[in-house]
Protein chains: 2
Amino acid sequence: MAKPLILVCNDDGITSRGIRKLVNVVKNLGEVVVVAPDSPQSGMGHAITVGDTLRLTKNDLFGDIEAYECSGTPADCIKLAKHYVLKGKKIDLIVSGVNHGSNSSISVLYSGTMSAAIEGAIEGVPSIGFSLCDFDPSADMDHVDNYIEKVVTEALKNGLPKGIALNVNFPVKQKEPIKGIKMCRQANANWEEDFDERKDPYGRKYFWMVGNFVNHDKGEDNDEWALANNYVSIVPCQFDMTAHHAIPHLNEAWDI
Amino acid sequence: MAKPLILVCNDDGITSRGIRKLVNVVKNLGEVVVVAPDSPQSGMGHAITVGDTLRLTKNDLFGDIEAYECSGTPADCIKLAKHYVLKGKKIDLIVSGVNHGSNSSISVLYSGTMSAAIEGAIEGVPSIGFSLCDFDPSADMDHVDNYIEKVVTEALKNGLPKGIALNVNFPVKQKEPIKGIKMCRQANANWEEDFDERKDPYGRKYFWMVGNFVNHDKGEDNDEWALANNYVSIVPCQFDMTAHHAIPHLNEAWDI
């Protein structure tokens, strides 16, 4: 039987440790092709390159594994991989990450890692984004290997519901091993920003955005709770943004 | 009674015709402050600036109206406006646009215009993105004035459900006047890309991404149907990406 074809992407760029981790785990589970950004793309959300050109360059960073670096965003990488690099082939699974930093709760919207996975779901391919809740680029991530393997194996065996991408987050490494996996909803949380105002050497003002994460959610069925309690969180995500419940309300309340 | 405070943003940049159109309509409905990107940000999705600095410069493009151009993304503009420019003030409404080009159906995910509105909703402010289904930067948009005024007036009067941003799209100008407004769900459609491969003057390969819009939706309750039938479409959008229906399914189907 042919090995499943697994496309690997990320948003920290093709040289990051996280994507090496992911490739090293999934290369035992299928035939792997890597198409990833040539530079860090954190916080790119679901950006795509319009009105500008794209570059795609083959490289040998992963030895025998076919790999390309792309000048575009994570979503661009998925589009180029599907419609150019792997044109005509059936991609069995797209995996993105491992991101250096959490993409839980509201961060899914800002996440380049998850935009690659959601783009995959839009294109009809089962897709998973993996993130580690540790921003340190040299963070210990050996505790996640078994869980990546487990999630990828289940996805290859059972597939994913149509139009669904999984947002998988791993807790920071602790003394105790991870307790298990929880299927979760996205926690009700947001970032409240401060702006650190500074002067450049020429006397002109500039800002650093400083995010403060605020969790409003008291539930135990959400990703923030799972991660705080040393579980892997999995949130199934959809790309239909419609607030269906609001349509009858607005038709009633508004005079249109 | 104090006038409502209306924050205006967009993604085509502060010099575009669309934002002038929007300012010209809403300045009659409240006190207006503009914070918009200093350059085009189309297709930026929900990108934010992390790991880099931001600039914010006051300008006089709108005469007496307080206006700033920002080096960041549309979502950055909203964050800077709320937490720096208008810190401590209650923003009654955020409006974004008028975008030169459709943001209906799946394009909501790629849209910088809608990322400003969705960021507003995340921050707890009633927010609306406006887009015209015409990419021509000099497109006729006088047929939308009354509809912007109508939607903004209703939003100021009745508010919006918590956590909801409206995605408002206007049909291309036709001989017949617009038929009315429809509350819609996001159509099931997507972009299928081709890549136009070229050589630069130095013999190196590059690509233009060429999107082909494919509408799979046969329903009459979605935004594509409304726009094709000369209605204004309004899709209420939420930022909870959870596919709630998939959680019990995955708990059942997966051995975790």
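**Exercise 1.** Show why H1(A) and H4(A) count as oblique to each other.

*Solution.* Before starting, note that this is a predicted model, where local features need pLDDT of at least 70 and side-chain atom pairs count only at pLDDT 80 or more, while totals for chains, interfaces and linings use all residues. Residues are numbered from 1 along each chain as its sequence is written, chains are lettered from A and ligands numbered from 1 in the order in which they are written, and side-chain values use heavy atoms, leaving out hydrogens and water.

Step 1: find the helices. H1 covers residues 17-26 of chain A and H4 covers residues 145-158 of chain A (helices are DSSP runs of H or I with at least four residues, strands are E runs of at least two, and both are numbered from the N terminus).

Step 2: get the geometry. The two pack at an angle of about 55°, with their axes 10 Å apart. Axes here are lines fitted to C-alpha atoms, for helices over the stretch in contact, and angles run from 0 to 180 degrees between N-to-C directions.

Step 3: classify. Under 35 degrees is roughly parallel, over 145 roughly antiparallel, 65 to 115 roughly perpendicular, and the rest oblique. H1(A) and H4(A) are therefore oblique.

**Exercise 2.** Which residues of H1(A) and H4(A) meet?

*Solution.* Step 1: from H1(A), take A:Lys21, A:Leu22, A:Val25 and A:Val26; from H4(A), take A:Asp145, A:Ile148, A:Glu149 and A:Val152. Contact means heavy atoms within 4.5 Å.

Step 1: sort them by class. You get five nonpolar, no polar and three charged residues (Ala, Val, Leu, Ile, Met, Phe, Trp, Tyr, Cys and Pro are nonpolar, Asp, Glu, Lys and Arg charged, and the others, Gly among them, polar).

**Exercise 3.** Is H1(A) largely enclosed or largely open?

*Solution.* Step 1: count. Seven of the 10 residues of H1(A) are buried, so this helix is largely enclosed by the rest of the structure. Buried means under 20% relative accessible area, exposed over 50%, and partly exposed in between (1.4 Å probe, protein chains only).

Step 1: name them. They are A:Gly18, A:Ile19, A:Lys21, A:Leu22, A:Val23, A:Val25 and A:Val26.

Step 2: see what they pack against. Their partners in chain A are strands E1 (5-9), E2 (31-37), E5 (93-100) and E6 (127-132), plus H4.

**Exercise 4.** How many disulfides does the structure hold over all chains?

*Solution.* Step 1: the count is zero, a disulfide being a pair of cysteine sulfur atoms within 2.5 Å.

Step 1: check A:Cys9. Its nearest cysteine sulfur, that of A:Cys77, is 4.3 Å away. A:Cys9 is buried, at a relative accessible area of 0%.

Step 2: check A:Cys184. Here the nearest cysteine sulfur belongs to A:Cys237, 11 Å away. A:Cys184 is buried too, at 2%.

**Exercise 5.** Describe the surroundings of A:Thr113 and A:Asp52.

*Solution.* Step 1: A:Thr113 sits in helix H3 (residues 112-122) of chain A and is buried, with a relative accessible area of 0%. Leaving aside neighbours within four places in sequence, A:Thr113 has contacts including A:Asp11, A:Ser96, A:Asn99 and A:Phe130.

Step 1: A:Asp52 is in the loop between E2 and strand E3 (56-59) of chain A. A:Asp52 is partly exposed, at 45%.
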